[in-house]
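Here are my notes on this one, as numbered points.

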Amino acid sequence: MLYLSNDDPDLAKLVSDEENRLETTLNLIAAENHSPQSILEIMGSVFNTKTIEGYPGKRFHSGCIHADKVENLAITRGKSLFKAEYINVQPHSGTSANLAVYFSVLKTGDRVLSMSLPHGGHLSHGHKASITSKCFDFSHYKVNPETEMIDYDQVREIAHFVKPRMIVAGASSYPRLIDYEKMSQIAREVSAFFLADMAHLAGLVAAKLIPSPIPHCDFVTFTCYKTMMGGRGGVILCKEIFGKKIDKAVFPGCQGTSAVNLIAAKALIFKLAREEKFVSIQKKTIQNARIMAGALMEKGYHIISGGTDNHQVLIDLTSKGISGKSAEDCLESAGIILNRNVVPQDENTPGKVSGIRLGSGAVSARGMGEPQIRKIIELMDMAMMNQTKKAVVKEVKNRVLKLCREFPVNKSV
């Protein structure tokens, strides 16, 4: 920080403030995690300055000898880790990875079937606010209103009616496992391509703790900063026959210069994901999510689908008389960071957000286990049920701070 402090004290202070925020709050955002220090180091390395367009050995700029080695290392490690036939490590994000997949094999206006956003899907799966919905004709499947899980018979029925060119599996707020084999069968029945977006689940898949979609899919996309614990950016895995189409769709199709420092971070996390420490954190991530769900249900909260199989817990707060926004704001003031989230019932009242989404990844990376998770749920309940009582919220914040000091970020990852 020496150079930054000299060049821009204001920014240096903001960096310091953010480091302090991370150390003094509990991060339950499912889309975030704490990365190893080596990831932060490689992202801030000299590879920030190199411009690359094209692929190793076929660049549009010279001076790429080391950048080529970095990308080839990421390719080799990524294919090996996920047992994939082909990989592209250049996407800037999960959304750009999904766009590249769509444009690799679809024509503008083609039909795509994916999961509805209020039922767990993602903006880049054809939500009306996303550019994807302006490029392709999306239809959406929903969860069963009773089980709050994917109804595969309904998916099959919609697929045979719509006859999409592509079916998308994967979600941003779905706490259960997805039957990729069954979804693949449905895709084959209607001659559709099959894409699985495992952005949230990549770390759990890499650790071999939940089933991998890769054997059943034409394409798989993911990001590296959620359960994967790496840097920013997306990745595309696919069958070998689609490799050239994917490469062209990424560059020059959907993006230009790729970030070599982020490709290097991908190579690094693919290596670290093979180590016992990473696997241990992923195991704890699943265990802690289940403890969260159970503890919340004991307190009378409605947990979507009645539990979790991954790192996410989705809570419908309607029965508690609390909105997702008020819960998010209250908990942030108490040092617990999470996000408000739509739940299936919100589909009928656009703009309403009745839920919150929890993720167990970051607290698991800090080394927390069952005693701490139960304490966190107790503190959450105290704050949410006493939002107007400043003394109670302040007491919660003090107890959160004590817990954070017992499990510092910079000594755990």
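1. Terms before anything else: on a 1 Å grid over the protein atoms alone, a pocket is an open set of points with protein on both sides within 12 Å along at least five of seven lines, a cavity is a set where a 1.4 Å probe fits but cannot get out, and lining residues have an atom within 4 Å of a point. Keep in mind that this is a predicted model, where local features need pLDDT of at least 70, side-chain atom pairs count only at pLDDT 80 or more, and totals for chains, interfaces and linings use all residues. Residues are numbered from 1 along each chain as its sequence is written, and side-chain values use heavy atoms, with hydrogens and water left out.

2. Start with the largest pocket, at about 650 Å³ (grid points are joined across faces, edges and corners, and a volume is the space filled by probe spheres set on the points). Its lining has 22 residues, and Leu22, Asn33, His34, Ser35 and Leu40 lie nearest the centre. Helices α2 (9–24) and α3 (37–43) each supply at least two lining residues; helices (H or I, at least four residues) and strands (E, at least two) are DSSP runs, numbered from the N terminus. The biggest share of this lining comes from α2, with 5 residues.

3. What is the lining of the largest pocket made of, by class? There are 7 nonpolar, 9 polar and 6 charged residues. Here Ala, Val, Leu, Ile, Met, Phe, Trp, Tyr, Cys and Pro count as nonpolar, Asp, Glu, Lys and Arg as charged, and the others, Gly among them, as polar.

4. The second largest pocket holds about 500 Å³ of space. It is lined by 29 residues, with His122, Leu123, Ser172, His200 and Arg357 closest to the centre. Two or more lining residues come from each of α5 (94–105) and β16 (339–341).

5. On helix packing, look at α4 (residues 65–82) and α11 (residues 260–272): their axes come within 8 Å and cross at roughly 35 degrees. Axes are lines fitted to C-alpha atoms, for helices over the stretch in contact, and angles run from 0 to 180 degrees between N-to-C directions. Contact means heavy atoms within 4.5 Å. Among the residues making this contact are Ala67, Val70 and Leu73 of α4 and Ile263, Ala264 and Phe270 of α11. By class, the contact of α4 with α11 has 12 nonpolar, 1 polar and 3 charged residues.

6. Next, an open sheet of 7 strands with mixed pairing, in the order β5-β11-β10-β9-β8-β6-β7; two strands pair if DSSP finds at least two bridges between them. Its edges are β5 (86–88) and β7 (137–141). Strands β9 (residues 193–197) and β10 (residues 219–223) run parallel over 3 bridges, and Leu195 sits opposite Phe219 in β10. Helix α5 lies across β7, β8 (166–170), β9, β10 and β11 (234–238), at about 165 degrees to β10.

7. Finally, an open antiparallel sheet of 4 strands runs β13-β14-β17-β16. The edge strands are β13 (302–303) and β16. Helix α12 (residues 276–298) lies across β13, β14 and β17 (355–359), at about 20 degrees to β14, while α13 (residues 324–333) lies across β16 and β17, at about 170 degrees to β16.
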